[in-house]
Amino acid sequence: MNERYKHIETALDAITSGARLLKQIKTPPEVKRKNSGEKYTVEDIKVNEMIIECIADCWPDDLIVGEERTYLPARYPRKCSSRVWLVDPIDGTKSFLDLKWGYSIMVSLLVDHVPEFGIIHDVVHSETVIGIRGDGVYLEAAGASIRLHKPEAYDSKLAWNPYARDSRLKNYLIERLRLEGEVLAQSTGLRALQLARGNARIMVSKPGSAKIWDTAPAFIVISEMGGEYTDRSGKRLEYDLREYDFTEKKGNGLRTGNGFKVVATDSLTEYPVHKNGAFAMIGIDHSPFLSHIQNYLSKTGTADLKM
């Protein structure tokens, strides 16, 4: 087994542990709020730390950036590997709070600032999709693994977040692109799978809202299925984290249950986000799509695009 597939096995083991915990939750979790006002749960923290412990135990020199916790290698930032792991412990927290389908666990690996693989685990349906750069997309379910192939046709729909606070862009795109409606999922990863399976053609995230751990697994899946995932100008999404400072600051240093040194990610001065948005398309000409996005943003301003 080469190193890439050892990394994938490590990620799958970590996700399995996290999913087992989430499956045990039968009553609505307690809601907490970050400094930003964003909702989270104790389970977000627990799953993030479980995944960090599993990965750091095998690859201690790798930086692991999670939505809730970030693991710093012993000699960071002076010396660490060219690999960076991205962890979204519960992508779709509002769906999780409602205990209904729409959330996932996602783990991806960057090598030299490029997504190498991404894993999206649908907790409710116990399905795992693995996208591997240059090697396709695979679905693991019910003990079987199959390679996903490009659909022969795509439904003319928009993959949309049902918790989006502003439906104006949705209605605008459906009208301008003559779409037939929307398919719903809160998790960015699960919406990406709607595109990969031919159930939708596009999905959108406002400038500054999509974080890198949201998009990296989706980026691999969509790219390997022949689609594009770009910013508002048409430039492919980037994952260069060198401008971000993850070093421990006063008051944000923590330890996981197994003693791994981590920091609270929401204490960072700036979250790693896609400042120019994230717009995925498959089976559609991207130029008219992005032109409509630009027109909408120029009329409303990015602050109105709340999703």
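## Helix α4 and its cover

In this predicted model, the cover over the buried residues of helix α4 includes the strands β11 (158-160), β12 (182-184) and β13 (202-205), together with helix α7 (286-300). Helix α4 itself spans residues 168-176, and the residues of this helix that are buried are L169, K170, Y172, L173 and I174. In an α-helix there are 3.6 residues a turn, so residues three or four places apart point the same way.

Just after α4 comes R178, whose backbone takes a positive phi of about 55°.

## E53 in helix α2

Helix α2 covers residues 42-58, and E53 lies within it. With a relative accessible area of 15%, E53 is classed as buried, because that value falls under the 20% cut-off.

Once neighbours within four places in sequence are left aside, the residues in contact with E53 are T256, G257, N258 and F260. For one of these residues, G257, the separation along the chain from E53 is 204 residues, whereas the C-alpha atoms of E53 and G257 are separated by 8.6 Å.

## A patch of positive charge

On the surface of the model, the residues R33, K39, K94 and R165 gather in a patch of positive charge. Among them, K94 has its place in helix α3, which runs over residues 93-97. The side of the classification on which K94 falls is partly exposed, its relative accessible area being 30%.

Terms used. Residues are numbered from 1 along each chain as its sequence is written. This is a predicted model: local features need pLDDT of at least 70, side-chain atom pairs count only at pLDDT 80 or more; totals for chains, interfaces and linings use all residues. Side-chain values use heavy atoms; hydrogens and water are left out. Patches are made of residues with over 30% relative accessible area and no salt bridge: like charges are joined within 9 Å, nonpolar side chains (Val, Leu, Ile, Met, Phe, Trp, Tyr) within 5 Å. Accessible areas come from the Shrake-Rupley method with a 1.4 Å probe; for residues, only the protein chains shown count as cover. A salt bridge is a side-chain nitrogen of Lys or Arg within 4 Å of a carboxyl oxygen of Asp or Glu. Lys and Arg count as positive and Asp and Glu as negative; His and the chain ends are not counted. The place of a charge is taken as NZ of Lys, CZ of Arg, CG of Asp or CD of Glu. Helices (H or I, at least four residues) and strands (E, at least two) are DSSP runs, numbered from the N terminus. Buried means under 20% relative accessible area, exposed over 50%, partly exposed in between (1.4 Å probe, protein chains only). Contact means heavy atoms within 4.5 Å.
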